[in-house]
Amino acid sequence: MTAAAEARGTELGRYLKARRAQVRPEDVGLPAGAGLRRTPGLRREELAALAGVSVDYYIRLERGRETNPSPAVVDALGRSLRLRGDGYERLHELAELASGRSAELSASSDHTVRDSVLRMLESVRPLPAYVVSRYNRVLAANPPGRRLMPGLWDWPEDQRNLTRYVFLHPVGRTLYEPWEDTVALSVAHLRAVGGADPDSPELTVLVGELMLKSPQFARLWERYDVCERGGGQKSFRHPKVGPMTLTYEVMRLARTGGQRMVVYQAAPGTPDETAMLRLESPDAGPEQTPPEPPRQAGGSHPTHTPSPADASVG
């Protein structure tokens with residue numbers, strides 16, 4: 001087996017192990033048994049029996065030594081793990097990637113935003129809007145979009161990542177509510193967009209930093225929840241315009257290597273719209289934010305400042 005094939009198989013194995021830990025025996029009709037279980041969730045032999053494969057085969061699959069499971073086996077594992085929607089699709093994607101039946105996604109290192117997209121950002125004003133890379137780096141924003149995220153723009157350009165912002169920036173950790181639910185969705189989305197290219201340098205640097213600096217991120221990342229977000233609703237506690245709840249849509253930009261445009265809006269005539277429209281005013285600029293974080297050896301990373309936990313990302 002080549003090193004590349006083993007790496008692809010290992011990612012499939014990580015996913016299986018993480019999802020196995022989330023399923024309790026009673027969830028799938030098995031007795032919990034007496035005494036304390038050393039393994040959270042299902043044991044390997046229990047999942048193998050449920051899926052109709054040998055324990056030895058499943059162990060090789062989870063350890064990345066077996067990289068060519070049949071679609072029928074993948075289906076059986078997905079059903080046994082009670083996977084639905086994005087989680088079920090991700091299992092199939094990783095299995096196809098491990099077997100070489102599909103090519104890895106090519107993560108574009110070009111973070112340039114097309115002129116036509118920049119014009120679109122301006123055309124949707126006064127709606128707040130911004131463009132992010134596959135891994136949530138903010139590449140461009142219109143004025144209300146910039147004012148929606150106070151403090152993010154004080155960081156160096158290559159550090160303006162929404163996932164980093166909600167976990168490490170003192171304003172980002174209090175801007176969105178409820179923090180626990182919204183950041184869980186943010187990490188699940190990062191897992192979804194990064195699953196087919198887990199060795200991307202951009203993703204590796206971001207995840208490594210957050211694993212080191214945020215115990216909350218580390219816990220959520222190890223769960224391997226998957227949810228690719230296409231829109232929804234988000235509540236803000238903005239330091240300048242006050243509380244508001246906005247809906248948002250996410251639009252994929254073709255031929256960009258994963259760039260997405262995120263646009264917020266509110267129902268006409270509501271207090272939420274009144275608050276949102278205030279973002280058009282320069283007076284709605286960010287509160288005083290910490291100075292630019294010092295650059296560290298091996299790259300520039302924002303310094304973590306502890307603060308109450310209350311935030312999310314789009």
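**Notes on the loops and helices of this model**

1. Let's start with a proline: Pro 126 is found in the loop between α6 (115-123) and β1 (129-132). Helices (H or I, at least four residues) and strands (E, at least two) are DSSP runs, numbered from the N terminus. The peptide bond that leads from Arg 125 into Pro 126 is cis, with omega near 15°. Pro 178, in the loop between β3 (176-177) and α10, also deserves a look. The bond from Glu 177 to Pro 178 is cis, and its omega is near -5°. For background, most peptide bonds are trans, and most residues other than glycine have a negative phi.

2. A word on what you are looking at: this is a predicted model, in which local features need pLDDT of at least 70 and side-chain atom pairs count only at pLDDT 80 or more, while totals for chains, interfaces and linings use all residues. Residues are numbered from 1 along each chain as its sequence is written, and side-chain values use heavy atoms, with hydrogens and water left out.

3. Now the overall picture. The secondary structure of the protein comes to 13 helices and eight strands. Of its 314 residues, 48% are buried; buried means under 20% relative accessible area, exposed over 50%, and partly exposed in between (1.4 Å probe, protein chains only). Among contacts (heavy atoms within 4.5 Å) between residues at least 6 apart in sequence, 63% join residues at least 24 apart.

4. Which residues other than glycine take a positive phi? Arg 82 has one of about 60° although it is not a glycine, and Asn 136 has one of about 75° although it is not a glycine either. Arg 82 is found in the loop between α4 (71-80) and α5, and Asn 136 in the loop between β1 and β2 (138-141). Are they buried or exposed? Arg 82 is partly exposed, with a relative accessible area of 45%. Asn 136, at 1% relative accessibility, counts as buried.

5. (The expected span is 1.5 Å times one less than the number of residues.) The buried residues of α5 are Gly 87, Arg 90, Leu 91, His 92, Leu 94, Ala 95, Leu 97 and Ala 98. Just after α5, Gly 100 takes a positive phi of about 85°.

6. Helix α11 (residues 201-213) is worth a similar check. It has 13 residues and reaches 18 Å from first C-alpha to last, close to the 18 Å expected. Its buried residues are Leu 203, Leu 206, Val 207, Glu 209, Leu 210 and Lys 213. They cover an arc of only 160° around the axis, which puts them on the same side of α11; the arc is that of the directions from the helix axis to the C-beta atoms. Pro 201 and Leu 212 are exposed on the other side of the helix.

7. Where do helices α10 (residues 179-194) and α12 (residues 215-223) meet? Their axes come within 9 Å and cross at roughly 55°. Axes are lines fitted to C-alpha atoms, for helices over the stretch in contact, and angles run from 0 to 180 degrees between N-to-C directions. That makes α10 oblique to α12 (under 35 degrees counts as roughly parallel, over 145 as roughly antiparallel, 65 to 115 as roughly perpendicular and the rest as oblique). On the α10 side the contact is made by Trp 179, Val 183, Ala 184, Val 187, Leu 190 and Arg 191, and on the α12 side by Gln 216, Phe 217, Leu 220 and Trp 221.

8. Another pair to view is helix α2 (residues 44-51) with α4. Their axes come within 8 Å and cross at roughly 120°, which makes α2 oblique to α4. The crossing is right-handed. Leu 47, Leu 50 and Ala 51 in α2 meet Ala 76, Leu 77 and Ser 80 in α4.

9. Finally, two residues with partners elsewhere along the chain. Val 166, in helix α8 (residues 162-168), counts as buried at 1% relative accessibility. From Val 166 to Ser 186 is 20 residues in sequence and 9.1 Å in space, C-alpha to C-alpha. Pro 215, in helix α12, counts as exposed at 62% relative accessibility. The C-alpha atoms of Pro 215 and Phe 167 are separated by 9.7 Å, with the two residues 48 apart along the chain.

Key. A crossing is left-handed if the near helix is turned anticlockwise from the far one by less than a right angle, and right-handed if clockwise.
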